[in-house]
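Work through the exercises below with the model open. Try each task before reading its solution.

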Amino acid sequence: MRVLMLVATTVATDTRVLREATTLVGAGHEVHIIGRSVPEDFVPPAGVSCSSVGTSSVFRAEGTPSLSGVRLPPHMRLARWILLPQHRNSAFGRWAAGAIADARGREFDVVHAHDYTALEAGARLAGERGVPYVYDTHELWTGRPREYRPTPLLDRRERRLESELGAGAAAVITVGEGVADALRERYGWDHVEVVRNTFPLSVQPRRGVADGPRDPDRHGPRGLVYAGRLAAFRELETVAEASGRLAQLGLPVTLRGPADATWLATFDRGTARIEPPAHPMR
């Protein structure tokens, strides 16, 4: 089966997308990913191909640095807060249009749309080809924290589209039971499945955390790793607060991923180690 994946990220550090793609390849399928401003030096995992659509909007040209994380004067912060919804809609809309144009020149048997930003494009492509599509929501889109002014009309439209297009998907998958339950309750969907966004468990720990410090010569976990964006509203403060106690138990904490510089400047990391993102599964 030929799987077309759509995701409005750089793909290179999107471990969930790459993990699912390599799993499908391992099961004998072909996977092509259309990402957003994928680095030119990115080498996808064996058996996976990748193409890129640029990042641009009516407010910012391709390649122009983002203002996210930059310290701005008050009037610029206000302007960004007001205009950010239009910028995001323009940028994601242009990416979706480019992804559709790219996909129309390819052969595929199923569409895998990652997150709400790819859902409408994925449903349209699936409808044009008469193939099924899967909606993979990495978070509760309508419940995510906002960095811009209230947008009640846009929010209502997004909820309506997610409800309609998600209902038409062959399957909806998400990261955990909490999000799955919220989707079922909000939209009445009965086709939601959980594919956890975590590392594969290769060994079983021999003792619980409460049993005291671990012997580094014994098999079992040697530490705890968070892999994902380092930013606000991700409960990383709780992880950092617990990092000292976990380190005493032989489980040092590492936080790895792209960071919001403004948030990171005031983040109390405790004993946790901060690392930049890495290209996974190369």
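**Exercise 1: a loop residue**

Glu 139 sits in the loop between strand 5 (133–137) and helix 4. Helices (H or I, at least four residues) and strands (E, at least two) are DSSP runs, numbered from the N terminus. The model is predicted: local features need pLDDT of at least 70, side-chain atom pairs count only at pLDDT 80 or more, and totals for chains, interfaces and linings use all residues. Residues are numbered from 1 along each chain as its sequence is written, and side-chain values use heavy atoms, leaving out hydrogens and water.

Task: Find which residues Glu 139 touches, not counting residues up to four places away in sequence.

Solution. Apply the contact criterion: heavy atoms within 4.5 Å. Glu 139 then touches Asp 115, Arg 144 and Val 179.

**Exercise 2: helix 2 and helix 3**

Task: Classify the crossing of helix 2 (residues 74–103) and helix 3.

Solution. Take the axes: they come within 9 Å and cross at roughly 25°. Axes are lines fitted to C-alpha atoms, for helices over the stretch in contact, and angles run from 0 to 180 degrees between N-to-C directions. Helix 2 is therefore roughly parallel to helix 3 (angles under 35 degrees). Now list the contact: Phe 92, Trp 95, Ala 96, Ile 100 and Ala 103 of helix 2 meet Thr 117, Ala 118, Ala 121, Arg 124, Leu 125 and Arg 129 of helix 3.

Definitions and conventions: Parallel < 35°, antiparallel > 145°, perpendicular 65-115°, else oblique.
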